[in-house]
Amino acid sequence: MDPLSALRDFTIRGELDKIVRVNDEFRFGTEYSFPCSAETAYRSKQGNLYNLETLVFYIQNHHRRHTEYMHNSLSLRIPAVTFTDRKPLLDYLTGKVSTSDSIVWNPPKFPDEFRPDPSGFDPDSTKPKGNANDAVLDEIGDAHFSIKDKETETVDYMGIIRSVEKPLKDREGILECKNKDFYSVLVAATKREEERQRLESQQRKDGLVAKSRLMGAEERGLGLSYGDEMMGFDSKPKMHLKGSKLGEGVPIILVPSAFQTLITIYNVKEFLEDGVFVPTDVKVKQMKGARPECVTVQKKFSRDRDRVVTAYEVRDKPSALKPEDWDRVVAVFVLGKEWQFKDWPFKDHVEIFNKIIGFFMRFEDDSVESAKIVKQWNVKIISISKNKRHQDRAAALEVWDRLEEFVRGRSHS
């Protein structure tokens, strides 16, 4: 019996636990044994034949998520079954289907069909001496002759096939790129990289412009330190936003001080400015010096190249805010707990989320119960992936878009 049929037979019988690896071979109970690296008749959609080690590891781990299965196979250095092959392979091995188009049995070679190997290989040399009827194939695709009362001899059918292969197309033929080169691809890639660098440079300049405007506003508000009252200057720095409803000064974003929330004072800057989520415990280990009391963030990525960058203060101690500071609070990242709003100068959640926009950060595969209380509030739920960091930028952009829209509406109210 060939390796694929043996594995399918043991899978259907529910005897996978009887498949044991001993050194470099798999033993199927006391019935069969095959080399771990033996190629099976199952061909992947990429064109290669899966070996026995790959299929045994897959059928023993098919219940795992594909990412976890891939991670385990990489750590053990076992070639993995591709995502597109998983279901049809599982259906075949478990007996849901009787056959598959991916199975390529090696047909037996007959003398009148055999094309001689230029190296001088003679298939008759592998035949046993005596009655020819005593030698039969155990099953199509098996590379062993079962010979009554004689030793088993192996024929390398794949070697025979490869010896008479003829190339039909080269690399350029397959890609349909005859009489073409890839210089235009290189030029296009170079232009895209230059454009990306130019945009990053522009964003850095926007940040410097915002910083200089903030510093200029502070200097104009403070005046001379030794003659403020006499010269009639206001001793408090002022940064007027559109409309007086927002209050005077840099707008404030509040975040929870508890570590069980995703966004904290430690990682808010990376998320809002760079569009990358870094777990709080990782940032705490990387941090040098004292814990920050206040963090300044700016929107560094935008579709509007000419827009003015606005700076925001991020704080996590509402109790330290003065009464006039609350007019500058424009957003809050909620923890989902009632006690977060204890001693806030508002009568209820309705008033809070009418004057302040709320965001609740969660992992996309978290249970519904984690957001049960939050769904009763007027807050925006932002979901991010636990592993796909390239998706963080879209989540950060959604926060910025919602925040800027809210600020504009509040300024004009």
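**A hairpin, a buried threonine and some salt bridges**

Strands β1 (residues 19-22) and β2 (residues 25-28) run antiparallel and are joined by 4 bridges; strands here are DSSP E runs of at least two residues, helices are H or I runs of at least four, both numbered from the N terminus, and two strands pair if DSSP finds at least two bridges between them. Valine 22 has glutamate 25 in β2 as its bridge partner. With 2 residues between the strands of this hairpin, asparagine 23 takes a positive phi near 55°. The model is predicted, so to speak of local features takes pLDDT of at least 70 and side-chain atom pairs count only at pLDDT 80 or more, while totals for chains, interfaces and linings use all residues. Residues are numbered from 1 along each chain as its sequence is written, and side-chain values use heavy atoms, with hydrogens and water left out.

Over in helix α1 (residues 3-12) sits threonine 11, which is buried at 13% relative accessible area (buried is under 20%, exposed over 50%, partly exposed in between; 1.4 Å probe, protein chains only). Leaving aside residues up to four places away in sequence, threonine 11 touches Leu16, Ile59, Leu93 and Thr94 (heavy atoms within 4.5 Å).

As for charged pairs, the whole structure holds 22 salt bridges, meaning a side-chain nitrogen of Lys or Arg within 4 Å of a carboxyl oxygen of Asp or Glu. Lysine 283 pairs with glutamate 270 at 2.7 Å between the closest N and O atoms. Lysine 283 lies in helix α10 (residues 280-286) and glutamate 270 in helix α9 (residues 268-274), so this pair ties together parts 13 residues apart in sequence.
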